[in-house]
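The sequence and the model are shown first, and the description comes after them.

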Amino acid sequence: MFLQGYGPLILEGTTVTVELAISSLLLAFLIGLAGAGAKLSSNRVLRGIAGLYTTLIRGVPDLVLMLLIFYSLQTQLNNLTESLSLEQIDIDPMLAGAITLGFIYGAYFTETFRGAYLSVPRGQLEAAYAFGMSRWRTFRRILFPQMMRFALPGISNNWQVMLKATALVSIIGLIDLVKSAQDAGKASSDLFYFISVCGVIYLLLTTLSNFVLRWLERRYSMGVREGEL
Amino acid sequence: MIEIIEQYWKAYLWTDGFHWTGLAMTTWLLTLSIAFGFVLSVPLAVARVSQNRLVSGAVWLYTYVFRGTPLFVQLLFVYTGLYSLQVVRDTEVLNAFFREGFYCTVLTFTLNTCAYTTEIFAGAIRATPYGEIEAARAFGMSRLTMLRRVVLPSALRRALPAYSNEVILMLHATSVAFAATVPDLLKIARDVNAATYNTTLAFGTAGLLYLCLSFLLIWLFRMAENRWLAYLAPRKH
């Protein structure tokens, strides 16, 4: 029998892990773009907030932040609904996990994008403005496509770390790959086998994303000649 | 709030009255795993850049597996997975070792950080300027002498910035130790949270202590870079 009959459970857990990783990637990506914009802006308050955000988040373990944000998110919401005398709203664990992970890894993406913004030659942006492009159009047509080439190695790195960090969400109550493997292992009293399966699935996921990221890297560096020896 | 701090500050910092806990435990875990990991990773890095495909392939496989799976899963594998095997329980030495959460944690952390460190050092060794190796050969140095006197001193220095990153990440990674019931900083924070329901204070205090330790490590590595990488710094006139 496929995985001693626990195949569907493991598959469901894998889906949760992948969904969670992708949705937090999207969130972290957006936060990173905004954060990099804030860090490079001429507004001192924005710069200060973004600087504090990246320093604090990157100095504290993600697990500690996860527990802190996850628990306090619900508590704050409860306080809010209580003061408005509404019924208690329970946050969906999946949503809370994605928000938490996205918020944490947004700090790492901010630093990646900041470096990439700075790597795009100034003349490119000046030329775009000289063409009469608006700020948004300059970003979409000129800055973003060129920036991605410099950002991709950092993004790949962050993605791999984030994918592995999703293993921690089982601690805050999500039935992800780790949790389902543990449950299957406990139920069949063959933990060794099921945790190995879990590890192999993670290995497959990282290998697969490696291929995709390498393809993207080639795609975004099209037309770039590297120094050959 | 004051009462909570008064009651638990000792547990957060070094002891709950019986064992080492909190910050002291976290630092001890970090020190042990970083020290063992460093000692193992230097020969492994040399093997990783070896011309022999079999040797470098074996090391590659090791680092690939350990860098491709989450540390949390590795810890579960060692602590709960291996111990569920009948062979391990029946062998007295293995039984005594894998029953202890602390030993399992140190073993897992060492293997994990060693995999990352090996790749960092191997990258630095590969980036050694070829002229240096040629010069060492021209001096008639044997392979071992060359490694000891020329390649490793310069490669380890150049790896320092990436290595400091790995140590900071390892500090953050030690927070999963509670999964093997080791009373580290996060375990104390979770206990305080469970006992007082004051989430922000319980985890905030732990976060602050982790932050301080991170800054201390960053400062230490900056000192080390100033000392050992001075010759690579931009020239000041």
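**Chain A as a whole**

The model is a predicted one. Chain A contains 8 helices and 0 strands, and the order of its elements from the N terminus is α-α-α-α-α-α-α-α. The C-alpha trace of chain A extends over about 65 × 60 × 30 Å along its principal axes. Of the 229 residues in chain A, 36% are buried. When contacts in chain A between residues at least 6 apart in sequence are considered, 74% link residues at least 24 apart.

Two packed helices are described by the angle between their axes and the distance between the axes.

| Helix pair | Angle between axes | Distance between axes |
|---|---|---|
| H2(A) (residues 44-59) and H4(A) (residues 93-119) | roughly 115° | within 9 Å |
| H1(A) (residues 7-39) and H6(A) (residues 135-165) | about 135° | 9 Å |

H2(A) and H4(A) form a left-handed crossing. On the side of H2(A), the residues in contact are A:Ala50, A:Tyr53, A:Thr54, A:Ile57 and A:Arg58, and they meet A:Ile104, A:Ala107, A:Tyr108, A:Thr110 and A:Glu111 of H4(A). This contact between H2(A) and H4(A) is made up of 6 nonpolar, 2 polar and 2 charged residues.

H1(A) and H6(A) pack at about 135°, and these two helices are therefore oblique to each other. Their crossing is right-handed. A:Ala21, A:Ser24 and A:Leu25 of H1(A) lie in contact with A:Trp159, A:Met162 and A:Leu163 of H6(A). By class, 5 residues of the contact between H1(A) and H6(A) are nonpolar and 1 is polar, with no charged residues.

**A covered helix in chain B**

In chain B, helix H4 (residues 71-81) is mostly covered, with 10 of its 11 residues buried. The buried residues of H4(B) are B:Leu71, B:Phe72, B:Val73, B:Gln74, B:Leu75, B:Leu76, B:Val78, B:Tyr79, B:Thr80 and B:Gly81. Both chains take part in covering these residues: the elements over them include helix H7 (177-188) and helix H8 (191-220) of chain A, as well as helix H7 (101-126) and helix H10 (160-173) of chain B.

**The contact between the chains**

Across the interface, 27 residues of chain B are in contact with 28 residues of chain A. On the chain B side, the elements giving two or more residues are helix H3 (53-68), H4 and helix H12 (199-228). H12(B) supplies the largest share of that side, 10 residues. The side of chain B that touches chain A has 15 nonpolar, 12 polar and no charged residues.

**Two loop residues with positive phi**

Most residues other than glycine have a negative phi, and most peptide bonds are trans. A:Ser189 has a positive phi, near 45°, and is not a glycine. A:Ser189 lies in the loop between H7 and H8 of chain A. Because A:Ser189 has 9 C-beta neighbours inside 10 Å, it counts as exposed.

B:Thr181 is likewise a residue other than glycine with a positive phi, about 55°. The loop that holds B:Thr181 is the one between H10 and helix H11 (185-196) of chain B. B:Thr181 counts as partly exposed, because 14 C-beta neighbours lie inside 10 Å.

Note on methods:
Residues numbered from 1 in each chain as written. Chains lettered and ligands numbered in written order. Predicted model: local features only at pLDDT ≥ 70, side-chain atom pairs only at ≥ 80, totals over all residues. Axes fitted to C-alpha atoms, helices over the stretch in contact; angles between N-to-C directions. Helix = DSSP H or I, 4+ residues; strand = E, 2+ residues; numbered from the N terminus. Left-handed = near helix turned anticlockwise from the far one by under 90°. Contact = placed C-beta atoms within 7 Å. Nonpolar A, V, L, I, M, F, W, Y, C, P; charged D, E, K, R; others polar. Buried ≥ 20, exposed ≤ 12 C-beta atoms within 10 Å, placed from the backbone. Parallel < 35°, antiparallel > 145°, perpendicular 65-115°, else oblique.
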